[in-house]
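User: Could you take me through the model I am about to paste, with the cut-offs spelled out as you go?

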Amino acid sequence: MPRILLVEDNEMNRDMLSRRLQRRGHTVELAVDGLEGVARALEGGWDLVLMDMSLPEIDGWEATRRIRAAGASGQMPIIALTAHAMSGDRDKALDAGCNDYDTKPVDLERLLGKMQALLTPPA
Amino acid sequence: MNGTLDPKAASELRHELRTPINHIIGYAEMLREDCTDGSPDAATIDRIIGVAREVLALINAALPPTGIATLEDLSGLLADLATPQETVLAATTVLLEGAHDAQFVADVERIAQAVRRLTAVPVPSALTGARESGPYAGTGTAGAAATVRAAGAAPDVAITPHSTSARAGSKGRILIVDDVEENRAVLARRLEREGYDIDSAANGEDALRKVAQDGFDLVLLDVLMPGMDGFAVLERITGNPDTRSIPVIMISALDDLASVVRCIEHGAEDYLTKPFDPVLLRARIGASLEKKRWHDREADYLRQVTRVIEAASAVELGTYAPGALAGVTGRDDELGRLARVFDAMAAGVHARESRLREQLRELQSDVSLATTEYEAMHQSAVTDGGDALAVGSVLGDRYEIRGVLGTGGMGVVYRARDRKLEEDVAVKTIRRELLTGDAVLAERFMSEIRLARRISHRNVVRTHDLGDADGQLFVTMELVQGLTVRELLMTRGKLGVASTLALARQFTEALAVAHAAGVIHRDVKPENALIDGDGVLKVMDFGIARLAEATSTRTQSGLIVGTPAYMAPEQLVGEEVDARADLYALGVVIYECLTGTAPFQAPSAVALIARVLTVEPVPPARENPDVPPALSALVMQLLSKAAAQRPASAAVLLEQLAELG
């Protein structure tokens, strides 16, 4: 059962997305801001991190950069999520160290596809 | 509106708008997974998802990922959000009305919360300055950011569960006017659950047609509609006297002051902005309907009061139809009681008036027959009395004698032409010897004539003047074309009960008005009452009899002017008489009308007087079996030897006659 960390400050987003992922067989744990996201991510044991980009304390880009900068414990797949969905956001996320990028509103099937691609190790 | 939005602001706004859409779609899809395909909830949720995706497309178009957003596009977007927002809110209301678990309810409420945020996003300052002419003109916003609608005002969408099983009668009939089908359906469903009877219209023309045809208690009217808008519909409803009393609550996405003022000025009862707060809506509908009910009740009450007043006028005019107050008499309030009492009284009056008309018709018929028969005799009377004043002579330079109408104990009655007033009058000459040598008597006579002149009544021959021409005293009077009751009786023998009652009633009215003026007739007899062709009886010679009476006493000649047959016992023995002596005499007249004979008959005056004083007359009913016992008894009461046993006054007698019908 994949273990997912959802870093999201918006309560409704957290509630909704975590429940939807749980319904699809994922274990989901939560962090509510950038700093907590970094701390929880570095605890280890995650199959994947879903990182919102607009976060209090430090934003998703900075949080991703800090996770990646932590060395071996910070190399899990990270998918950036943003409601801004502006041109360039994708590149900005990938530059920060994210493996993939998706927009909100969440298209669940699309997101699950991206997650699946990252959860399944290349053959 | 030109110009573009700052890219950073555009990005922020995109985020702010897409986030609630994310929530709506996310929760809705989750809820949809739990629904059975084809269920009503599934359809409602699909609708929410569909609308949210449409809104997302609008947002993406107005705020493209490139960050280049024009203020015009953005302004259009904000205006475009109201309707889908309302649709989603309505759908969440529908979902909450079903029986669901707490999680379902919580998720639906989150959707509602999210959709409300859609129009609560901070608007970039660049837009606020341009708003004055836009759809948000007049909201009075200021500062760098303003909300499309205050987030704090977000309504609580929770709906009180309502039982649909026991709907006992409608709480009111409401017309919903909205061009968006979803809005109509949702509002209709909700209000139906609350017990209202609902109809809806999709456009202004349809709404006006329905309002004109059906009795609605309330109209919920959308302002923005294609074609005829809500303002135009409102103006038509409030401008039409037939529909003016129907309250109209305006519902609109526009919440600017100008449109609210415009609606209120055009007679809207209330104004609600979309998305409306269900609790507020319910309260306002309740208040409007309550007001309408009071208004209707008041209008209905006034209508029924008007009917009672009209009925009263109809009674006066004699056109009242019994049962005309049928609707009002059924009320269980005071007005109903008044109407019932009135209706019963009016029905009584109506019946009595019908009888009176019938009686008068019979009297007219008697007069008509008698007139034809009597004409020859009358002509001969004229030639009889021509000894005093010659036809063609002029009395007092004013009254030209045209002929003799009759002769009596006091003088002759002439028909004369009043040259001054150019009209025909009756002139009664008074024998000079009646007054000579008694100044007191002369003065009393004059004063009685003066009083009689004041009596003006349709049943009294009008006394005009007292004149003295070269020593010839005379009284001028209204000339009445008709027969005396004596003449009537001479030709007809006796009269029917109906004719007699018509005659007696009019005679009594004449006495009542004279007595009220302080005049006692003292010589009531068939010769002193005239009946014209219309059956109208007129009593004459008020006040004149005093002269004859006094004279006869004074001279002690034992000669009684006129006949003692009509004189009350107290009058015969020379006691002071009052109005009741006139009533006695009237009793004799009525007796004679009913039986054709006087109650007392004797070969001489002395014998007659003795009988009047001592003998009880035979009741008229025994003489004529057609006479009802009550009428017979009343006549006997009038003929009572003691004045105290007669009706107390002519007014009392009138009431007694009325009771007889």
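Analyst: What follows goes through the two chains by topic, starting with how to read the model.

Analyst: This is a predicted model, in which local features need pLDDT of at least 70 and side-chain atom pairs count only at pLDDT 80 or more, while totals for chains, interfaces and linings use all residues. Residues are numbered from 1 along each chain as its sequence is written, and chains are lettered from A and ligands numbered from 1 in the order in which they are written.

User: OK, chain A to begin with: how many helices and strands does chain A have?

Analyst: Chain A has 5 helices and 5 strands, where helices (H or I, at least four residues) and strands (E, at least two) are DSSP runs numbered from the N terminus. Along the sequence the pattern of chain A reads β-α-β-α-β-α-β-α-β-α.

User: And in what order do the strands of chain A sit in the sheet?

Analyst: The 5 strands form an open sheet in the order E2-E1-E3-E4-E5, with parallel pairing; two strands pair if DSSP finds at least two bridges between them. At the edges are strand E2 (27–31) and strand E5 (100–103) of chain A, each of which pairs on one side only, and the twist averages 20 degrees from one strand to the next. Within this sheet, strand E3 (residues 48–52) and strand E4 (residues 78–82) of chain A run parallel and are joined by 4 bridges, and A:Leu50 stands opposite A:Ile79 in E4(A).

User: Which helices lie across those strands?

Analyst: Among them is helix H2 (residues 34–41) of chain A, which lies across strand E1 (3–7), E2 and E3 and runs at about 135 degrees to E2(A). Helix H4 (residues 89–96) of chain A lies across E4 and E5, at about 145 degrees to E5(A). Axes here are lines fitted to C-alpha atoms, for helices over the stretch in contact, and angles run from 0 to 180 degrees between N-to-C directions.

User: How much of chain A is buried?

Analyst: Of its 123 residues, 44% count as buried, a residue being buried if 20 or more other C-beta atoms lie within 10 Å of its own, exposed if 12 or fewer and partly exposed in between, with C-beta atoms placed from the backbone. As for contacts in chain A with a separation of 6 or more, 57% are accounted for by residues 24 or more positions apart; a contact means that the C-beta atoms of two residues, placed from the backbone, lie within 7 Å.

User: Changing topic, what is the backbone doing at A:Pro105?

Analyst: The peptide bond from A:Lys104 to A:Pro105 is cis, with omega near 5 degrees, and A:Pro105 is in the loop between E5 and helix H5 (108–119) of chain A. Most residues other than glycine have a negative phi, and most peptide bonds are trans.

User: On to chain B: at what angle do H8(B) and H9(B) pack?

Analyst: Helix H8 (residues 204–213) and helix H9 (residues 230–239) of chain B pack at an angle of about 20 degrees, with their axes 10 Å apart. H8(B) and H9(B) are therefore roughly parallel to each other, given that angles under 35 degrees count as roughly parallel, over 145 as roughly antiparallel, 65 to 115 as roughly perpendicular and the rest as oblique. Residues B:Gly204, B:Ala207, B:Leu208 and B:Val211 in H8(B) meet B:Ala232, B:Val233, B:Arg236 and B:Ile237 in H9(B).

User: Last one, how many residues of chain A are in contact with chain B?

Analyst: The contact involves 17 residues of chain A and 19 residues of chain B. On the side of chain A that touches chain B, helix H1 (residues 11–23) of chain A gives the most, with 6 residues.
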